[in-house]
Amino acid sequence: MLARMAYTILHLDELEWSKPSAGDQSRGIVRLSDRMRHMRANIWRLPPGTSGRRHAERVQEEIFVVLEGTATMALGDPPQRVELAAGSAVIVEPGTALQQRNESARDAVILAIGAPREEPGNADYLPDA
């Protein structure tokens, strides 16, 4: 007997970007979480000079993978600045303050994945780094 298989294939150049629900509205987001049940994932497009909201997840472990460009992460408290080129990833444990930033001259595209699935709001939001 064959097991049931279900999957979705996405191509970065075909995705529709929307505005984030909070923070810098010049950023773009593809909400992959809408297609998932057990974890959260989003793709973020950060234009030069933009940053995400600094926060610390209470329960969720996260991984950030830079797909295009160069991203800077402010990690910990006090924040340590870490530059990540395309193809780099960082794993962040629950309770660790983080902020995605783009300090480069071109767009950065970041895949953010978190588990277990926690709805937005189960994080502590902090002042920018």
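**Note on the sheet and the cavity**

1. Strand β9 (residues 108-115) pairs with β4 in the antiparallel sense, over seven bridges. Pairing here takes at least two bridges found by DSSP; strands are DSSP runs (E, at least two residues), numbered from the N terminus. In β9, Val 109 stands opposite Glu 68.

2. This is a predicted model: local features need pLDDT of at least 70, side-chain atom pairs count only at pLDDT 80 or more, and totals for chains, interfaces and linings use all residues. Residues are numbered from 1 along each chain as its sequence is written, and side-chain values use heavy atoms, with hydrogens and water left out.

3. β4 (residues 61-68) also pairs with β7, antiparallel, over four bridges. Phe 64 has Val 90 of β7 as its bridge partner.

4. The open sheet has five strands, ordered β1-β2-β9-β4-β7, with antiparallel pairing. β1 (28-30) and β7 (89-92) are the edges; each has a single partner strand, so one side of each lacks a neighbour in the sheet. Twist averages 20° from one strand to the next (axes are lines fitted to C-alpha atoms; angles run from 0 to 180 degrees between N-to-C directions).

5. One cavity of 30 Å³ or more is counted. A cavity is a set of points on a 1 Å grid over the protein atoms alone where a 1.4 Å probe fits but cannot get out; lining residues have an atom within 4 Å of a point. The largest cavity holds about 30 Å³, the volume being the space filled by probe spheres set on the points.

6. The lining of the largest cavity includes Glu 62, Val 92 and Pro 94. Its residues divide into four nonpolar, three polar and three charged, with Gly counted as polar.

Terms used: On a 1 Å grid over the protein atoms alone, a cavity is a set of points where a 1.4 Å probe fits but cannot get out, and a pocket is an open set with protein on both sides within 12 Å along at least five of seven lines; lining residues have an atom within 4 Å of a point.
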